[in-house]
Amino acid sequence: MYSNVPSTASSQESLMSLSSDEGQGGSDLDNINVVVRVRPLASHEVGKKDIQAVQFPGEGQIMVDDQINGHSRVYTFNVVFEPEASQEDVFEFSGLKRLVDMALDGFACTVLAYGQTGAGKTYTLTGPQGEGAGISHEPGVINLAFSYLYEGIKQRKSEDFVIHASYLEIYNEHVLDLLNPSPKHLPVRWSKDKGFYAENLFAVECEDEGDLQGVLEEGKKNRQVRSHNMNEHSSRSHTLLVLTLTAETRDLDDPHTFIRRQGKLSLVDLAGSEKTKKTNSKGETLVEANNINKSLLVLGNCISALADPRKRSGHIPYRDSCLTKLLAESLGGGGMALMIACVSPSRTNAPETISTLRYASRAKRIKTKPIVRMDPREQLIMSLKREVKLLRMENTYLRQQTNLVNGINVIMNQGGREITVEDGNTGNQKELEKDLTTMVNNYMQENENLRAENAQLHQMRELLIRDHELVCKENERLMKKLADMEQGLVRSPTHEECRQNPRSDSTMSSAMSFGNSGLWKSLANISKEREAEKPGSSNGERKPPH
Ligand SMILES: Nc1ncnc2c1ncn2[C@@H]1O[C@H](COP(=O)(O)OP(=O)(O)OP(=O)(O)O)[C@@H](O)[C@H]1O
């Protein structure tokens, strides 16, 4: 059951469970990776004598007592982290490390923390909030990811990385820059190259881990947080911390050229869904809650559409909220995503826990096809370079073949006397030489046959041409005769001529003298008929007028 868990995790077996086919956060590469984290019962829940309503049967399963329907529900995920799991466990086994590696390789990767308000999203991502005694300083998985990221960069010696960080929040459907606080909202635009993006968003270059931690702290300080019944430090906005990782690698074929790619790591802390009755939200907090719920509903709609193979290729309602616009790339398939679904273990929160697990189950069905992000021009240059390389290889190969054939031609030209072909020292080349010789011989034989056939055809053609010429001459002669005859026939004898010599029809007699062919006979008949029709014709019978 835990055979895929790395040896270091043997002590963790009681703290988490992995689905039977999972390794480090999932081997199901085609789908969004979804893990569940269950926080411990909070002190206020213990105080109210609330009890745990979730159980962990193992193999990535989580079982929740559904009090409303009176039975238990079981859901399966890539990994389920139990309340005792530490931040390091989540970082190590959620698949987040793999996402950081992929972002360094040039993919767009996203980590989303989703769940009910107070379920532990912010705690998981950035550690405990607030200050003072009793507040631990356990780093969040984002902090751990920063260290891992710079470790990874150090190890990739052949690549130069430049990292930029931007941090925004979506508050009441408006985008605000957390690194450049201002009441002015940033418009969300769309471009062919970038997809949806927040215009004029500040991006800070971060040279080391310290810079990134500074960016995180600055953003946390500026985000909208409020207290309500269920969480003293409730996030009232969705936050997106986006790291752009630009890598330059020297082209192995051309040391003067650099290949550039741009990976992206988006770390998203979603505001918690809430039942406003439970949180007792009023006034501004109620407006925030409605906006949060609405945008999470739109996100849910997009997830549902993407998870359904029949709807996936149709319209996905990304444009219905700022959040879904900015997450379009992460969800839409070109990137890689990890959802950390955070849930409360308490019985009072069981309906919300079930709702979160359903939402996460749907997300798990989304298929992705991650692609490396490169500048389209650089991509073109790369593909052209690859083509040039292939053509060069083909050229070299063809040159080698030409040399061999030339060598064989020399052999042929020298009457079959054997000549050692240059570069033909290896056994393979000798084999090839032999094959080529046979092939050339066959071609020559075939050529010879074709030449003979060709000569025959030429002879036949000559004969046919001569015949054709004779026929043409004969034709010409006959045509001339016919023309002469027609000329004679067309010129009708004058009335006077007919009167003087009714029987003499010189034209007719000359035409008849050509022979007795049917043609001439019929022509003569036509001519006679015409003659007979003429008024005053001496040999025609005149018909009385009617
Ligand atoms: N795994 C955990 N271990 C110990 N305490 C936790 C854990 N997860 C959450 N908590 C505590 O639970 C409380 C609520 O957590 P958190 O603020 O992270 O919730 P949230 O899901 O981000 O809520 P919201 O959506 O309202 O912002 C905090 O006091 C936090 O310290």
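This is a predicted model: local features need pLDDT of at least 70, side-chain atom pairs count only at pLDDT 80 or more; totals for chains, interfaces and linings use all residues.
Let's start with the ligand. It is surrounded by 20 residues, and the closest are Gly 120, Thr 122, Tyr 123, Ser 234 and Gly 272. What kinds of residues make up this shell? They divide into 11 polar, 7 nonpolar and 2 charged. If you trace the secondary structure, helix H4, residues 121-126, and strand E14, residues 231-235, each supply at least two residues of the shell. Which element gives the most? That is E14, with 4 residues.

Now, the UniProt record. Its unreviewed entry lists a "binding site" made up of Gly 115, Gln 116, Thr 117, Gly 118, Ala 119, Gly 120, Lys 121 and Thr 122. I'd like to pick two of these and look around them.

First up, Gly 115. You'll find Gly 115 in strand E7, which covers residues 108-115. Is Gly 115 buried or exposed? It is buried, because 28 other C-beta atoms lie within 10 Å, and 20 or more count as buried. Setting aside residues up to four places away in sequence, Gly 115 touches Lys 121, Gly 272, Ala 341, Cys 342, Val 343 and Thr 356.

Next, Gln 116. Here we are in the loop between E7 and H4. Gln 116 is buried too, with 24 other C-beta atoms within 10 Å. Leaving out neighbours within four places in sequence, its contacts are Gly 272, Ser 273, Glu 274, Val 343, Ser 344, Asn 349, Glu 352 and Thr 356.

As a quick reminder, strands of a sheet pair through backbone hydrogen bonds, either parallel or antiparallel. Here, 3 strands form an open sheet with antiparallel pairing, in the order E3-E4-E5. Strand E3, residues 54-58, and strand E5, residues 71-76, stand at the edges with a single partner strand each, so one side of each has no neighbour in the sheet. On average, and ignoring direction, neighbouring strands here are turned by 30° against each other.

How many bridges join E4 to E5? There are 6, and E4 spans residues 61-66.

Definitions and conventions. Residues are numbered from 1 along each chain as its sequence is written. A residue is near a molecule or strand if its C-beta atom, placed from the backbone, lies within 6 Å of it. Ala, Val, Leu, Ile, Met, Phe, Trp, Tyr, Cys and Pro count as nonpolar, Asp, Glu, Lys and Arg as charged, and the others, Gly among them, as polar. Two strands pair if DSSP finds at least two bridges between them. Axes are lines fitted to C-alpha atoms, for helices over the stretch in contact, and angles run from 0 to 180 degrees between N-to-C directions. UniProt positions are given in the numbering used here, feature names are shortened, and annotations may be inferred rather than shown by experiment. A residue is buried if 20 or more other C-beta atoms lie within 10 Å of its own, exposed if 12 or fewer, and partly exposed in between; C-beta atoms are placed from the backbone. Two residues are in contact if their C-beta atoms, placed from the backbone, lie within 7 Å.
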